[in-house]
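User: Hello! I am new to this structure and would like to go through it with you. Could you show it to me, please?

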Amino acid sequence: MSVKQERRDFIGLAFGAVAAVGGALSLVAVKKTWDPLPSVKAGATSSFDLSPMQDGEMRQVVWRKQPIFILKKDPSMPPNDKRDVVVGDARFMIAIGLCTHLGCIPQWQPNKQIFFCACHAGEFNADGVNTFGPPSRPLDIPPFKIEGMKLVLGETSPEYEKLVNKA
Ligand code: FES
């Protein structure tokens with residue numbers, strides 16, 4: 001083999017190696033682009049401790065930039081097996097706090113025990129079920145899981161599947 005031939009072979013191998021490394025780095029870059037940002041991953045689930053809540057207390061929390069209603073039902077509120085999240089002896093109403101008419105945020109009115117949507121006077125009862133006005137369906141239930149007295153939003157569970165299939 002001549003010196004020229006050897007030189008050509010070496011240059012060919014060197015170009016091939018550079019192309020292979022470049023291709024691998026490109027694949028890594030593409031994967032990084034497709035993967036969700038760490039901030040998005042961190043916001044996928046949120047946990048809330050239900051244990052300090054009092055009977056009749058309504059809390060509005062935020063999950064994935066959406067308002068979430070958590071109402072700990074008091075004994076005057078009738079149980080609703082199609083909607084209640086039962087944790088120990090307590091029953092909770094958990095719903096996405098966006099009106100199912102056009103997406104306004106209803107306000108909890110404890111004296112009337114309703115969620116009132118001021119946009120078009122829609123009403124939902126303490127179970128999150130539409131009772132008056134233009135909303136045609138109950139408030140949506142977010143995917144959730146119960147761990148002890150902790151509510152984890154963003155993960156499904158048999159309890160969630162049961163409610164969604166009944167609601
Ligand atoms: S958006 Fe709530 S009643 Fe219309």
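Predicted model: local features only at pLDDT ≥ 70, side-chain atom pairs only at ≥ 80, totals over all residues.

User: Which side chain meets Glu57 in a salt bridge?

Analyst: Glu57 is partly exposed, with a relative accessible area of 23%. Its salt bridge has an N to O distance of 3.0 Å, inside the 4 Å limit for such a pair. The partner side chain is that of Arg59.

User: Is Arg59 buried or exposed, or in between?

Analyst: Buried means under 20% relative accessible area and exposed means over 50%. Arg59 has a relative accessible area of 29%, so Arg59 counts as partly exposed.

User: How many salt bridges does the structure hold?

Analyst: Side chains of opposite charge can pair when their charged atoms come close. Glu57 and Arg59 form one of these pairs, and Asp55 and Lys72 form a salt bridge as well. For the structure, the count is 10.

User: How many residues apart in sequence are the parts that Asp55 and Lys72 tie together?

Analyst: The closest N and O atoms of Asp55 and Lys72 are 3.7 Å apart. Asp55 lies in the loop between strand S1 (46–49) and S2, while Lys72 is in strand S3, so the pair ties together parts whose separation in sequence is 17 residues.

User: Where does Asp127 lie, and which residue does Asp127 form a salt bridge with?

Analyst: Asp127 is placed in the loop between S8 and S9, and is buried with a relative accessible area of 11%. The closest N and O atoms of its salt bridge are 2.5 Å apart, and the two side chains also make a polar contact. The partner, buried too, is Lys73.

User: Which residues are linked with Lys73 and Asp127 in a network of salt bridges?

Analyst: Lys73 lies in the loop between S3 and S4, so its pairing with Asp127 ties together parts that are 54 residues apart in sequence. The network of salt bridges also takes in Asp81, Asp84 and Arg91.

User: Which residue in S3 stands opposite Trp63?

Analyst: S2 and strand S3 (residues 66–72) pair in the antiparallel sense, over six bridges. Trp63 stands opposite Gln66.

User: In the open sheet of three strands, which strands stand at the edges?

Analyst: The order is S1-S11-S10, with antiparallel pairing. Each edge strand has a single partner strand, so one side of each is left without a neighbour in the sheet; these edge strands are S1 and strand S10 (144–147).

User: What is the bridge partner of Phe48 in S11?

Analyst: S1 and strand S11 (residues 150–153) run antiparallel and are joined by four bridges. The bridge partner of Phe48 is Leu151.

User: Which residues make the nonpolar surface patch of about 370 Å²?

Analyst: One of them is Ile11, placed in helix H1 (residues 3–34). Ile11 is partly exposed at 39% relative accessible area, and patch members need over 30%. The patch is made by Phe10, Ile11 and Phe15.

Technical notes: Residues numbered from 1 in each chain as written. Heavy atoms only, no water. Patch = residues over 30% accessible without salt bridge, like charges linked within 9 Å, V, L, I, M, F, W, Y side chains within 5 Å. Areas by Shrake-Rupley, 256 points an atom, 1.4 Å probe, with all protein chains shown as cover. Helix = DSSP H or I, 4+ residues; strand = E, 2+ residues; numbered from the N terminus. Buried < 20%, exposed > 50% of the residue type's maximum accessible area, 1.4 Å probe, protein only. Pairing = 2+ DSSP bridges. Polar contact = N/O pair within 3.5 Å; in protein donor to acceptor, adjacent residues only side chain to side chain.
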